Amino acid sequence: MTYRRIGALLQETGMVSGEMAHRVIEGAAAYADDDLTPYAAAGALECFGVAVSVHADDIDSIHEGYASLLAKAAETAGGRVTVTGVRIVEGEGGFEDGRSDAVEFERDGAPVSVPAEHFAEDYYDHEAACRAIAETAHDDDPRTWCHVGFAREPGAGYDSIMVLATPEQREALHRHLGLTFH
């Protein structure tokens with residue numbers, strides 16, 4: 001799988017415009033025809049503007065990180081949902097055994113709270129981040145956010161990648177890229 005083939009597939013399925021596919025391929029010209037690992041193919045979805053990744057390594061701070069992550073997800077979803085007031089409500093105790101926190105924000109003015117378990121100030125709870133991202137798609141959008149699955153090597157760290165797609169688009173991504181969704 002290559003960037004060029006991914007761009008063509010995303011365009012064929014209506015996930016991106018021809019202009020967007022061309023712009024990304026042009027920007028990736030030096031490696032647009034190189035074979036990609038399944039993880040790199042999943043990551044390429046973010047370059048085409050149809051996915052958001054939750055960084056696996058350390059971030060500056062969960063307090064700012066979730067806000068920027070949800071802003072990017074809302075933008076990727078077309079900006080039809082307004083996400084404001086993103087904050088971490090800290091639970092009791094320290095990080096050594098996992099602190100039970102909550103990621104709270106307003107979605108179009110309505111409060112949302114997502115339970116989160118943090119083991120450090122500078123690492124996301126990937127499950128909580130993915131559940132929060134799922135809140136950024138508009139209620140009448142036929143697309144939903146899904147966690148992308150791909151072949152993994154034992155012991156390697158991977159970003160969590162969330163793609164916004166219809167069931168038919170996810171089927172095409174599975175059939176042509178071998179990606180799975182949960």
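The buried residues of helix α6 (residues 167–177) are Gln169, Arg170, Ala172, Leu173 and Leu177, where buried means under 20% relative accessible area, exposed over 50% and partly exposed in between, with a 1.4 Å probe and protein chains only. Helices (H or I, at least four residues) and strands (E, at least two) are DSSP runs, numbered from the N terminus. The model is predicted: local features need pLDDT of at least 70, side-chain atom pairs count only at pLDDT 80 or more, and totals for chains, interfaces and linings use all residues. Residues are numbered from 1 along each chain as its sequence is written, and side-chain values use heavy atoms, with hydrogens and water left out.

Seen down the axis of α6, the buried residues fall within an arc of 160 degrees, so they line one face of the helix; the arc is that of the directions from the helix axis to the C-beta atoms. An α-helix has 3.6 residues a turn, so residues three or four places apart point the same way. The face of α6 turned away from the buried side carries the exposed residues Glu168 and Arg175. On the buried side, α6 packs against α1 (3–12), α3 (38–47), β5, β6 and β7, contact being heavy atoms within 4.5 Å.

Leaving aside residues up to four places away in sequence, Ile6 touches Met1, Leu36, Ala41, Ala44, Leu45, Phe48 and Leu177. In soluble globular proteins, nonpolar side chains tend to be buried together.

An open sheet is formed by four strands in the order β1-β6-β5-β7, with antiparallel pairing; two strands pair if DSSP finds at least two bridges between them. Strands β1 (51–54) and β7 (180–181) stand at the edges with a single partner strand each, so one side of each is left without a neighbour in the sheet. Helix α4 (residues 62–76) packs on the sheet and touches β1, β5 and β6 (160–165), its direction making about 165 degrees with that of β1. Axes are lines fitted to C-alpha atoms, for helices over the stretch in contact, and angles run from 0 to 180 degrees between N-to-C directions. Helix α5 (residues 126–133) also packs on the sheet, touching β1, β5 and β6, and its direction makes about 155 degrees with that of β1.

Within the sheet, six of the six residues of β6 are buried, so this strand is largely enclosed by the rest of the structure. Ser160, Met162 and Leu164 point one way from β6, while Ile161, Val163 and Ala165 point the other way. In a regular strand the side chains alternate between the two faces of the sheet. Four bridges join β1 to β6 in the antiparallel sense, and Ala51 stands opposite Val163 in β6. Strands β5 and β6 also pair over four bridges in the antiparallel sense, with Met162 as the bridge partner of His147. Strand β5 (residues 144–149) is joined to β7 by two bridges, and Val148 stands opposite Phe181 in β7.

Further pairings involve strand β3 (residues 99–107), in which seven of the nine residues are buried. Five bridges join β3 to strand β2 (residues 83–89), and these two run antiparallel; Val89 stands opposite Ala102 in β3. Strand β4 (residues 110–118) pairs with β3 in the antiparallel sense over nine bridges, and Ala116 in β4 stands opposite Asp101. A hairpin is formed by β3 and β4 with two residues between them, and Asp108 in the turn has a positive phi of about 50 degrees.

The structure holds zero disulfides, a disulfide being a pair of cysteine sulfur atoms within 2.5 Å. For Cys47, the closest cysteine sulfur is that of Cys130, 18 Å away and too far for a bond. Cys47 is partly exposed, with a relative accessible area of 43%. For Cys146, the closest cysteine sulfur is also in Cys130, at 11 Å, too far for a bond. Cys146 is buried, with a relative accessible area of 12%.
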